[in-house]
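Subject: Structure handover and notes

Hello,

Here is the structure I said I would pass on. My notes follow below it.

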Amino acid sequence: MKIAIVTETFLPSTDGVVTRLKEAIKYLRNQQHEVVVIAPDLGVYEYEGAIVEGVKTTTLPFYKYRPFALPNKIVKSLLRKHNPDIVHVVNPALVGVSGVKYAKELNLPLLASYHTHVPKYLDYYKLYAFKPLLWWHFKRLHNQADLNLCTSQAVKDELDEEGFYNVHVWKRGVAVDRYSPKHYSQEMRSRLTGGEPHKKLLVFVGRLAAEKEIHKLKPLLEQRDDVRLAIVGDGPAREQVEQTFEDTNAIFTGFLHGDELNQAFASADAFIFPSVTETLGLVILEAMASGLPVIAAKSGPTMEQVEDGRTGILFENEDTQSLIEAVEKIEDAELMQTLRENARAEAEKFSWTKPSEQLLEYYEQVLGSIKMKQAN
């Protein structure tokens with residue numbers, strides 16, 4: 001089949017959505033399907049044999065960190081040009097609005113997937129009053145799709161409650177061959193601990209934004225001089241986060257990729273995950289594949305991935321004492337070894353093949369359902 005993917009984010013951006021799309025596209029291309037990606041124009045025009053069609057970008061005044069593509073009539077021209085069998089709109093919000101609109105206008109089968117919990121983000125930007133409007137906006141878009149996907153059961157339950165139509169969970173995956181304990185590097189550990197590799201090393205990997213709640217880790221560093229925190233990533237709140245952690249034992253690396261990222265994971269003692277706004281958090285599974293116990297704030301999607309006391313340690317959100325007690329458990333060498341082994345074994349259950357196969361099955365399900373309706 002020919003598949004058009006309209007997405008708000010793609011290469012060279014780095015995030016969980018892009019990771020998932022890359023793996024899906026590789027699988028679809030290996031199965032000889034044609035793929036066209038319609039995405040913000042960031043200079044990438046081909047990936048694994050898939051055509052990438054760029055849409056003009058602009059920088060929004062409230063989020064200057066990266067450019068976005070706004071709704072654009074060119075999406076209609078591109079859909080006409082490629083005439084796909086199905087359109088998959090990923091995270092419809094801006095350019096994805098055009099993906100939904102023109103797929104419906106051109107009578108093309110439509111699937112949409114929900115990856116970013118934007119309504120919940122508003123709590124971190126003091127924009128609470130706009131939450132009902134955002135929920136209305138996203139529900140209006142998604143309910144035009146023949147089928148919707150999200151990335152965790154907890155989010156599916158929430159979307160069902162909000163009245164989203166025909167929602168299914170798109171399973172998680174991880175590149176178990178890429179992320180591995182074998183990438184441990186004494187040199188990287190020394191770098192991430194500021195030259196003190198004998199200290200306990202916690203690593204955070206992700207976008208630096210208010211909703212990631214990294215600030216919640218500061219009291220831990222203030223109370224534990226033997227703990228070092230490596231913050232790997234970049235984002236709109238980097239300057240603010242760096243100011244927050246000034247005069248603490250935190251190291252900022254910016255984005256790391258490839259071998260450096262693999263080493264950063266594998267060279268730490270544990271992965272720290274303070275956010276409760278994720279729709280999943282693929283980075284958790286990447287840490288587990290690297291043999292890292294995950295120390296995470298309790299939330300529905302996180303608790304689907306981390307089993308307290310078996311693959312990681314969970315703490316109560318907004319509870320500094322609970323966080324500190326969770327981190328104290330890394331002193332127990334026997335427990336840590338068990339958590340490491342269990343984390344890796346758990347991650348090995350989740351290759352990217354199954355989620356990619358599942359996506360193709362959903363495409364076929366949508367097409368089959370439409371053919372049945374037409375036949376009747």
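Glu 211 has 1% relative accessibility, so this residue counts as buried (buried is under 20% relative accessible area, exposed over 50%, and partly exposed in between, with a 1.4 Å probe and protein chains only). Its place is in the loop between β11 (200-205) and α8 (218-223); helices (H or I, at least four residues) and strands (E, at least two) are DSSP runs, numbered from the N terminus. Leaving aside residues up to four places away in sequence, Glu 211 touches Tyr 121, Tyr 124, Tyr 125, Ser 275 and Thr 277 (a contact means heavy atoms within 4.5 Å).

Before the rest, two notes on the basis. This is a predicted model, in which local features need pLDDT of at least 70 and side-chain atom pairs count only at pLDDT 80 or more, while totals for chains, interfaces and linings use all residues. Residues are numbered from 1 along each chain as its sequence is written, and side-chain values use heavy atoms, with hydrogens and water left out.

The chain as a whole

The protein chain has 15 helices and 16 strands. Its C-alpha atoms fill a box of roughly 65 × 40 × 40 Å, taken along the principal axes. The radius of gyration is 21 Å, which agrees with the value near 21 Å for a compact globule of 376 residues (the radius is taken over C-alpha atoms, and the globule rule is 2.2 Å times the number of residues to the power 0.38). Of the 376 residues, 55% count as buried. Among contacts between residues at least 6 apart in sequence, 66% join residues at least 24 apart.

Aromatic rings

A pair of aromatic rings is described by the distance of the centres and the angle of the planes. A search of the whole structure finds nine aromatic pairs (rings of Phe, Tyr and Trp, the last by its six-membered ring, pair if their centres lie within 6.5 Å; planes under 30 degrees apart count as stacked, over 60 as edge-to-face and the rest as tilted). One of them is the edge-to-face pair of Phe 10 and Tyr 47, with 6.1 Å centre to centre and 85° between the planes. This pair links distant parts of the chain, as Phe 10 is in the loop between β1 (2-7) and α1 (16-30) and Tyr 47 is in strand β3 (residues 46-47), 37 residues apart. Phe 10 is buried because its relative accessibility is 2%, and Tyr 47 counts as buried at 13%.

Tyr 179 and Phe 265 also form an edge-to-face pair, because their ring centres are 5.6 Å apart and their planes are at 85°. Tyr 179 lies in the loop between β10 (167-169) and α7 (186-192) and Phe 265 in helix α10 (residues 258-266), so the pair ties together parts 86 residues apart in sequence. Both Tyr 179 and Phe 265 are buried. Elsewhere, ring pairs link Tyr 114, Trp 135, Phe 138 and Phe 164 into a cluster.

Two arginines sit over rings. Arg 20 lies over the face of Trp 170, at 4.8 Å from the ring centre, and the charged end of Arg 172 is over the ring of Phe 350, 4.3 Å from its centre. A charge sits over a ring if NZ of Lys or CZ of Arg is within 6 Å of the ring centre and within 35 degrees of the ring normal.

Helix α2

Which residues of helix α2 (residues 74-82) are buried? They are Val 75, Leu 78, Leu 79 and His 82. These residues cover an arc of only 100° around the axis, so they are on the same side of α2 (the arc is that of the directions from the helix axis to the C-beta atoms). On the other side of α2, Arg 80 and Lys 81 are exposed. The buried residues of α2 pack against β1, β2 (34-40), β4 (50-55), β7 (86-90) and α3 (95-105).

Backbone details

Most residues other than glycine have a negative phi, and most peptide bonds are trans. Just after α2, Asn 83 takes a positive phi of about 45°. Phi of Asn 166 is also positive, near 50°; Asn 166 is in the loop between α6 (153-162) and β10. A cis peptide bond joins Leu 11 and Pro 12, with omega about 5°, and Pro 12 is in the loop between β1 and α1.

Regards
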